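Here is my note on the model you sent over.

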Amino acid sequence: MERIFDPLPGWEACAGDARAAILDQGAHVVAWQPAGEEPVLWLSPTARLEPGAAIRGGVPICFPWFGAGPAGTCTPSHGFARNVTWQVLSQEDSDDGARLEYLLTPAIAGRADTSGLPYEARFVVGFGAHELSLELSITNTGEQPIALEAALHTYLAVGDVRRVRLVGLDAAEYVDKVGGGLQRQTGAVTFAGPTDRIYRSATDIELHDPVFQRLLLVRKQGSRNTVVWNPWSDGAATMDDVPDDGWPGFVCVEAASVGDDCLHLTPGETHVLAQRVSVLREGAEP
Ligand code: TA6
């Protein structure tokens, strides 16, 4: 693994022809590309890779709130954890890739942390030749119970979002942030317009991508919600860090515990929220 400083401090890992990168700011994974594959993570070509800015793409860690938080009043969007520099605890190379561990506490986050919550967050990322493993452990270091939200807001690169299918959410209830209300999924999720949904589901997901001829297996642990998001053309037009033609190239499939399903931690309790992504080859679909 190599230390990098440009555009921001972080690490680059190469295992054979596989490539991965993480930035200390936000403990933000920005690349994972197994050998011979298209990138698995989408990173916007116009992402703001600047100190303190939220990065469009990769795997933003949303913590300790999601969006504007349970009451809709919290800023910045998705919590401050993605805007601050996490402390590197350890890094090691292995035969199959690399492993890094990061730490965030109120003292490390400094003035950006307006939550007043007592916590310790550890993020362990494993860059394998065949699997990306992400593990966020959150501990209540205080003396009272606390409630908080967390999500791994993973941007998956796809050939064309209009042609992909997400399997694994059949019959799950979801909050529809575009159409409004509570809905229930029937069959696979497909995309024909802006999509922003919080599913109540703890199951694994298969993302079938006929253009890249691959299946991304997205497994998770300790997460009661799967968030599925694509802004479509109109949404992308309002974001200066998504190029106008960029939105078909990704879909967010997020391991989350938010809203009514947020995390409740007793003093000393640790919760682990994890996501693992791997690539399987698939034949072309019509
Ligand atoms: O996870 C979906 C979502 O919460 C959407 O509502 C959408 O706004 C997106 O995240 C991006 O949020 P951001 O703060 O990164 O612009």
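**Notes on the ligand site and cysteines**

1. An oxygen atom of the ligand comes 3.0 Å from an N or O atom in the side chain of His-78. A polar contact here is a pair of N or O atoms within 3.5 Å.

2. A word on the basis: this is a predicted model, in which local features need pLDDT of at least 70, side-chain atom pairs count only at pLDDT 80 or more, and totals for chains, interfaces and linings use all residues. Residues are numbered from 1 along each chain as its sequence is written, and side-chain values use heavy atoms, leaving out hydrogens and water.

3. Two further residues reach ligand oxygen: the side chain of Ser-77 has an N or O atom 2.7 Å from an oxygen atom of the ligand, and a polar side-chain atom of Glu-254 lies 2.7 Å from a ligand oxygen atom. Taken alone, the ligand exposes 390 Å², and the protein buries 79% of that (Shrake-Rupley method, 1.4 Å probe).

4. Around the ligand (a heavy atom within 4 Å) you will find residues including Arg-56, Phe-66, Lys-177, Asp-196 and Trp-229. This shell divides into three nonpolar, three polar and five charged residues.

5. How many disulfides are there? The count is zero, with a disulfide taken as a pair of cysteine sulfur atoms within 2.5 Å.

6. Cys-62 is buried, at 0% relative accessibility, whereas Cys-74 is partly exposed at 23% (buried is under 20% relative accessible area, exposed over 50%, partly exposed in between; 1.4 Å probe, protein chains only).

Key: A polar contact is a pair of N or O atoms within 3.5 Å; within protein, one must be able to donate a hydrogen and the other to accept it, and residues adjacent in sequence count only if both atoms are side-chain atoms. Ala, Val, Leu, Ile, Met, Phe, Trp, Tyr, Cys and Pro count as nonpolar, Asp, Glu, Lys and Arg as charged, and the others, Gly among them, as polar.
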